[in-house]
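Student: Please take me through one part of this model closely, beginning with the packing of side chains. After that, connect it to whatever else in the chain deserves a look.

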Amino acid sequence: MSDEIILGDENPNGSNPTRNPSLADIIHTPTSRRGLMRGALGLAAMHFFAGRAFAGVAARVGAAAQDSNGILSEATDAVVSRLGFTQIAPNSDDAVTVPAGYRVQVIVPWGTPLWSNVPAFQEDASNTAADQERQVGFNHDGMHFFPIHGGQAGNRRGLLVVNHEYTDANQIYSAAQGSTITNDAAGREKVQKALAGHGVSVIEIRRDNHGNWSHVVDSPFNRRVTGNTPVHFSGPVPKNHPMLQSNITGAPRGTLNNCAHGVTPWGTYLACEENWNGYFGTDDPTWTPTPLEARYGVSRSGFGYNWHRAEPRFDLAVNRNELNHFGWCVEINPLDPQSTPVKRTALGRFKHEGATCTESRGRVVVYSGDDENGDYFYKYVSNRPWRQHRARNESPLDHGVLYVAQFDANGSGRWIPLVHGQGALTVANGWVDQADVLLRTRMAADAVGATRLHRPEWVTVEEQTGFVYLTLTNGSGNGAPVNSNRDPNPYGHIVRFRETRGDHTETDFQWEVFLLAGDSAYDPAVPANQAIFGSPDGVWSDNDGILWIQTDISNSSQNRADRGYDNIGNNMMLACDPRNGDLRRFLVGPRGCEITGVCMTPDMRTMFCNVQHPGESTTFWNNQAGGAPTVQNPTRVSSWPFGSGRRPRPATLVITRIDGGKIGQ
Ligand code: FEO
Ligand code: CA
Ligand code: CA
Ligand code: CA
């Protein structure tokens, strides 16, 4: 068994055995008009629909961008860009860089105590699991700012709700502890500390009269949800379902690998469970995965965390059903610290990147990518307007239809329902009931012919136009050149689509490639004048429709010339005005990090953005330092944010304009 840990979402191989068409196949189908696309922003991309004139600009600004024939259309580059900053250059500094005129503050780094009776963060990582249960978690990811009050007060005080995706054994343990998980009390303490570093933090934050933000110690809203917090199950897979019965832990608890997130129209937060399979393993050589487990990438070695060696909860040979507690979206009410998080099973079980909510005709719609190479893109639509569900004292997330996307070569696509008894999902085909369909969501999507994608990550809805943007971070294989003749597709791209009439409850859509990431020095398909970047992951359309794009280049490729990533430098965030394709680099992160999670106060004058895994083992920097980071030497790649050889710590950035204006404009 390998003791190497695969960190985060650097899972190189998918687990989709089907021959379902991939988006790459479709793009390269000779009859596809997409095959003509240069894939880049700007006029080349805009001329995607050959022979169709694009609409006049002025009349289009702010209007729904769909012409009378239901084809996507877009303003041209005649629109003056709404971006108001000078883009920064790529760099490989161990620092956060932002444009002139902006200010950055670091708040709530990993280990920040949320209550006054909690021990301070220890620079040698000697804080206990019990400390970590009451300190800010590790590896900040998806995030939202919930104002506590309306009006101006909402721009000065609120709840920052932050996902903590995973922990790094080289950073969270002391040199004395070491990183190895042993089958004894010391090993159990280490697994417990890791579990406590996962989950979600709810943190009250405030701005003072000098414009400085800080967390509120002992706020009644402060809360940690961890890998140990009791949780409920709701929807078609109830908590008494046989596949949820653990023989170790009793009632289900915990949420793990919370990547991106969602915010419901009724003001709750959705934390999504992504690479949960990696935490499970076994040393029992007789254990073999079922087809369902194999489809979710479950294996004896997992990702090398080896938690099973100290905690039978994670031993596949001892406690098989514990697996089924994960792969869901978890609803948390940040305003009620006593509430129990609820796993909403109607949204399906897969590697949820995020759960982006919008609404049409009063119904809540949730878009969610399954981030694995060759996996699928889903949406959920509530049966009734969400207010009606709530008036009936039922959750809009428990009563609805889950769909999976199928993309056609001609620029159209459709949503296929994953409903028991419909299509291939019949008893005759071995589908027992809707709970079975949801527990085996990936296999149900296989059966209905969903389209394989290159790692679908974040989704955002441009509410002004109805466009939905989906990042496909990178990928390879699927038997065809990928996207503008790239296979492997090391830089990724962004697809956008629009549902019929802009109604998110519809089952047909039109789609196009919006933006092809990369560096023209290595890939002539990328326009030479486009801001270089790679592996888009986070994407968020702000209240004015500016698109924020965040990157997560894997640490095995970051900064490396032999991977075509040397010019791009460290991970970054860019802003894009989708009306004219203006794309500018706004922020570059420190070494070894990814940039993820972005939101603003309602007045759009304070932005929050996360730096995840600074200082993580990164091939390029390991080679410079003569080795990978270890518990004895965790600073080989980075000392961000506090420098001077101090331990790297994931943290949240607060970004403001010195003149107090809207961010990015
Ligand atoms: Fe956790 Fe797919 O990024
Ligand atoms: Ca990542
Ligand atoms: Ca992500
Ligand atoms: Ca990612």
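**An aromatic pair and its surroundings**

Tutor: Phenylalanine 377 and phenylalanine 497 are both buried. The model is a predicted one. Across the structure there are 33 aromatic pairs. Phenylalanine 377 and phenylalanine 497 make up an edge-to-face pair, with ring centres 5.8 Å apart and 75° between the planes. Phenylalanine 377 belongs to strand S15 (residues 377-382) and phenylalanine 497 to strand S21 (residues 493-499), so the pair ties together parts that are 120 residues apart in sequence. Both rings also belong to a cluster linked by ring pairs, made up of Tyr367, Phe377, Phe407, Trp415, Phe497, Phe509 and Trp511.

Glutamate 353 and glutamate 457 are both buried. The calcium ion (ligand 2) is 5.3 Å from the calcium ion (ligand 3).

Next, the charged side chains. The whole structure has 29 salt bridges. In one of them, arginine 440 meets aspartate 436 at 2.8 Å, N to O, and both residues are buried. Salt bridges with shared partners also join Arg295, Lys351, Asp370, Glu372, Asp375, Arg442 and Asp446 into one network. Arginine 206 is bridged to glutamate 204, with 3.1 Å between the closest N and O atoms. Here arginine 206 is partly exposed, at 38% relative accessible area, whereas glutamate 204 is buried, at 2%.

Arginine 224, in strand S6 (residues 223-225), is buried but has no salt bridge. Glutamate 133, its nearest side chain of opposite charge, is 6.2 Å away, and a salt bridge requires the nitrogen and oxygen to be within 4 Å. What does the side chain of arginine 224 reach at 3.0 Å? That atom is the backbone oxygen of valine 200. The arginine 224 side chain also makes a polar contact with the side chain of serine 201, at 3.2 Å.

Conventions
Residues numbered from 1 in each chain as written. Chains lettered and ligands numbered in written order. Predicted model: local features only at pLDDT ≥ 70, side-chain atom pairs only at ≥ 80, totals over all residues. Heavy atoms only, no water. Donors = N, O, S within 2.8 Å, 3.2 Å for Na, K, Ca; no water. Buried < 20%, exposed > 50% of the residue type's maximum accessible area, 1.4 Å probe, protein only. Helix = DSSP H or I, 4+ residues; strand = E, 2+ residues; numbered from the N terminus. Lys, Arg positive; Asp, Glu negative; His and termini not counted. Polar contact = N/O pair within 3.5 Å; in protein donor to acceptor, adjacent residues only side chain to side chain. Phe/Tyr/Trp six-rings, centres within 6.5 Å; stacked < 30°, edge-to-face > 60°.
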